[in-house]
Amino acid sequence: VQLVESGGGLVQAGGSLRLSCAASGSSLFSRYDMAWYRQAPGKQRELVAGITSGSSTHYVDSVKGRFTISRDNAKNTVYLQMNSLKPEDTAVYSCNAKLIFRAIENIYWGQGTLVTVSS
């Protein structure tokens, strides 16, 4: 499975961005649990938001009410709508796909897209 993120860039505080993660190479996209992670300079990678194959969602507390994760299985794509951005949201955002298939855990990562929020 190949994951390609897009949509990152430079935005002022209070602005919005929508990240996309397009998956290819598998016909099982709808069965994957998908997630967005981020890593800021000098910090550990953290889980930002996740969406299960059944479309249940979860978020890290710091983005609740501001970010929304969604998926379009027909397009093999997961999105992260980010509103009311803050400078502390600045990070490389990476897409993650996970599927347990025949007792084997399959995990894939995209290359990441940089989000920079200026104050």
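Predicted model: local features only at pLDDT ≥ 70, side-chain atom pairs only at ≥ 80, totals over all residues.
Ala103 is exposed, with a relative accessible area of 76%, and its place is in the loop between strand E9 and strand E10 (104–109).

**Loop residues and backbone angles**

- Although Ala103 is not a glycine, the residue has a positive phi of about 70 degrees.
- Ser55, which is likewise not a glycine, has a positive phi of about 70 degrees, and this residue lies in the loop between E5 and E6.
- With a relative accessible area of 44%, Ser55 is partly exposed, because that class covers values between under 20% for buried and over 50% for exposed.
- Lys43 lies in the loop between E4 and E5 and counts as exposed, at 57% relative accessibility.
- Although Lys43 and Ala91 are 48 residues apart in sequence, their C-alpha atoms are 9.4 Å apart in space.

**The largest nonpolar core**

- In soluble globular proteins, nonpolar side chains tend to be buried together.
- The largest nonpolar core of this model has 28 residues, and those that touch the most other members are Met34, Trp36, Phe67, Val78, Leu80, Met82 and Tyr93.
- Two or more residues of this core come from each of strand E3 (17–24), strand E4 (33–39), strand E5 (46–51), strand E7 (67–72), strand E8 (77–82), strand E9 (91–101) and strand E11 (113–118).
- Strand E9 gives the most to this core, contributing 5 residues.
- Which residues is Leu80 in contact with, leaving aside its neighbours within four places in sequence? They are Leu17, Arg18, Leu19, Trp36, Val48, Ala49, Phe67, Thr68, Ile69 and Tyr93.

**The disulfide**

- The count of disulfides comes to 1, and this link is formed by Cys21 and Cys95, whose sulfur atoms are 2.1 Å apart.
- Cys21 lies in strand E3 and Cys95 in strand E9, so the pair ties together parts that are 74 residues apart in sequence.
- The link of Cys21 and Cys95 is left-handed, with -85 degrees about the S-S bond, and both Cys21 and Cys95 are buried.

**Salt bridges**

- Side chains of opposite charge can pair when their charged atoms come close.
- The model has a count of 4 salt bridges, and among them is the one in which the side chains of Lys64 and Asp61 meet at 3.0 Å, N to O.
- Asp61 is exposed, with a relative accessible area of 61%.
- The side chains of Arg66 and Asp89 also meet in a salt bridge, at 2.7 Å from N to O.
- Arg66 lies in the loop between strand E6 (57–59) and E7, while Asp89 lies in the loop between E8 and E9, so this pair ties together parts that are 23 residues apart in sequence.
- Are Arg66 and Asp89 buried or exposed? Arg66 counts as buried at 10% relative accessibility, and Asp89 is buried with a relative accessible area of 0%, because buried means under 20% relative accessible area.
- A further salt bridge joins the side chains of Glu46 and Arg38, at 2.6 Å from N to O.
- In this pair, Glu46 counts as partly exposed at 28% relative accessibility, whereas Arg38 counts as buried at 6% relative accessibility.
- Arg38, Glu46, Arg66 and Asp89 are linked in a network of salt bridges.

**Aromatic rings and a charge**

- A search of the whole structure finds 2 aromatic pairs.
- The charged end of Arg45 sits over the ring of Trp109, 4.0 Å from its centre, and Arg45 also lies over the face of Tyr37, at 5.7 Å from the ring centre.

**Asp72 in strand E7**

- Asp72 lies in strand E7 and counts as partly exposed, at 24% relative accessibility.
- Not counting residues up to four places away in sequence, Asp72 touches Phe29, Thr77 and Tyr79.
- Asp72 and Arg31 are 41 residues apart in sequence, and from C-alpha to C-alpha they are 12 Å apart in space.

Conventions. Residues numbered from 1 in each chain as written. Heavy atoms only, no water. Core = buried A, V, L, I, M, F, W, Y, C linked by side-chain atoms within 4.5 Å. Buried < 20%, exposed > 50% of the residue type's maximum accessible area, 1.4 Å probe, protein only. Helix = DSSP H or I, 4+ residues; strand = E, 2+ residues; numbered from the N terminus. Contact = heavy atoms within 4.5 Å. Phe/Tyr/Trp six-rings, centres within 6.5 Å; stacked < 30°, edge-to-face > 60°. Lys NZ or Arg CZ within 6 Å of the ring centre and 35° of its normal. Disulfide = S-S within 2.5 Å.
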